Amino acid sequence: MRFAPAVIALCVTFAQSPASAETPSDPLTWLGRIASAGQMLNYVGTFTYQSRGTFETSRIAHRMDATGEYERLEVLDGSPREVIRSGNEVRCVLPEQKTVIIDQPGGRRAFPARLPASFANLAESYRVRKGESGRVAGYEAQSVVLEPRDDLRYGHVLWADAQSGLLLKSRMVDERGEVIEQFAFSDVRIGGDVGSELLKSRFDPRGDWRVVNARGSEIAKGDGGWMLRSPLPGYSLVSVMRRPLGRERGEAIHMVYSDGLAAISVFIEPLPEQGASPVAGLLASGAINIYKRTLDRHLITALGEVPARAVQRLADGIEHSVQ
């Protein structure tokens with residue numbers, strides 16, 4: 001079974017000071033509280049995910065203690081899936097395939113830790129304002145609205161617990177204001193102890209289970225052999241990694257471009273000398289747009305929760321760098 005870069009990215013797709021009990025008025029301060037709370041607080045809850053006709057329910061348990069960060073995310077609908085984080089390791093457990101994919105934590109995290117640790121440049125790409133207050137999952141919540149300044153990213157509305165700052169609901173909208181995807185807690189307990197039994201997998205991946213090591217090795221941004229010919233407004237290169245593709249298939253270059261909130265992953269993998277080239281073009285998987293093209297016997301795949309024009313422009317601009 002061949003795991004495409006998109007599958008690994010989707011599985012993986014899934015240290016700041018603790019949040020203050022005070023309720024600030026500045027929207028950027030609210031973003032800081034949201035980013036901190038998702039990583040630093042203990043919480044256990046159930047949330048729903050909706051996107052273009054897809055509806056899923058997931059359960060999450062998260063703990064931060066002196067030894068590190070631990071999390072277990074389980075999808076309760078459809079094919080069973082788990083994503084388990086333990087310190088610097090993330091395991092995506094796929095019971096029906098009897099497969100475990102192992103990777104290191106990436107920059108893009110699961111709900112409710114959707115915001116990155118650093119968002120200082122968000123105002124360059126979004127108009128950020130404080131929205132209305134309301135109630136979500138039984139908690140008083142404050143909303144923060146991020147309106148895109150161009151057509152290369154989506155808008156976002158975030159609802160955070162007024163006391164802790166934990167993100168309770170997240171909505172991504174297109175230029176018409178239509179909902180692309182939404183995460184929302186239906187119930188959540190914030191704070192208190194999170195026992196180790198809530199963080200362990202329900203499955204025993206031994207025997208005939210397959211383990212896929214998707215860990216990459218980070219390299220200098222200029223050492224990947226590829227570059228973006230013309231900058232994509234608002235996006236900058238934040239990381240470059242080499243990722244294994246399997247026996248006799250070599251390695252893929254994985255580049256991540258981000259505006260501080262939205263992120264686009266670019267995978268560049270060598271193609272066999274013989275055989276037909278993969279079909280190029282646009283496709284979508286839920287809220288994720290994907291664009292593929294070939295160049296000099298390499299497959300270039302760009303994907304992200306961004307408008308299709310953004311992934312296409314970025315992939316079309318990738319070329320060999322001059323060493």
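## Helix 4

In this predicted model, the buried residues of helix 4 (residues 308-316) are Ala310, Val311, Leu314 and Ala315. They lie on the same side of helix 4, because the arc they cover around the axis is only 120°. Buried stands for under 20% relative accessible area, exposed for over 50%, and partly exposed for what is in between, with a 1.4 Å probe and protein chains only. The arc is taken from the directions that run from the helix axis to the C-beta atoms. Helices (H or I, at least four residues) and strands (E, at least two) are DSSP runs, numbered from the N terminus.

Residues are numbered from 1 along each chain as its sequence is written. Local features need pLDDT of at least 70 and side-chain atom pairs count only at pLDDT 80 or more, while totals for chains, interfaces and linings use all residues; side-chain values use heavy atoms, with hydrogens and water left out.

## Helix 2

Helix 2 covers residues 27-40, and its 14 residues reach 20 Å from the first C-alpha to the last. This is close to the expected 20 Å at 1.5 Å a residue, where the expected span is 1.5 Å times one less than the number of residues. Helix 2 is largely enclosed by the rest of the structure, because eleven of its 14 residues are buried. Among them are Trp30, Leu31, Ile34 and Gln39.

Ser36 is also part of helix 2. Its relative accessibility is 3%, so Ser36 counts as buried. The C-alpha atom of Ser36 is separated by 8.0 Å from that of Gly165, and the two residues are 129 residues apart along the chain.

Twelve strands form an open sheet with mixed pairing, in the order 7-8-9-10-11-1-2-3-4-5-6-12. Strand 7 (126-136) and strand 12 (210-213) are the edge strands, each pairing on one side only. From one strand to the next the twist averages 15°; axes are lines fitted to C-alpha atoms, for helices over the stretch in contact, and angles run from 0 to 180 degrees between N-to-C directions. Two strands pair if DSSP finds at least two bridges between them.

## Strand 1 and its two partners

Strand 1 (residues 43-51) is mostly covered, with eight of its nine residues buried. It runs antiparallel to strand 11 (residues 179-190), to which eight bridges join it. Strand 1 is also antiparallel to strand 2 (residues 54-65), here with nine bridges.

Tyr49 has a bridge partner in each of these neighbours: Phe183 in strand 11 and Glu56 in strand 2. Strand 1 and strand 2 make a hairpin with two residues between the strands, in which Arg52 takes a positive phi near 45°.

Strand 3 (residues 68-75) pairs with strand 4 (residues 81-86) in the antiparallel sense over six bridges. Leu73 has Val83 of strand 4 as its bridge partner. Five residues lie between the strands of this hairpin, and Gly78 there has a positive phi near 65°.

Strand 4 also pairs in the antiparallel sense with strand 5 (residues 89-94), over five bridges. Within strand 5, Val90 stands opposite Arg85 and Val93 is the bridge partner of Glu82. The hairpin of strand 4 and strand 5 has two residues between them, and Gly87 in the turn has a positive phi of about 65°.
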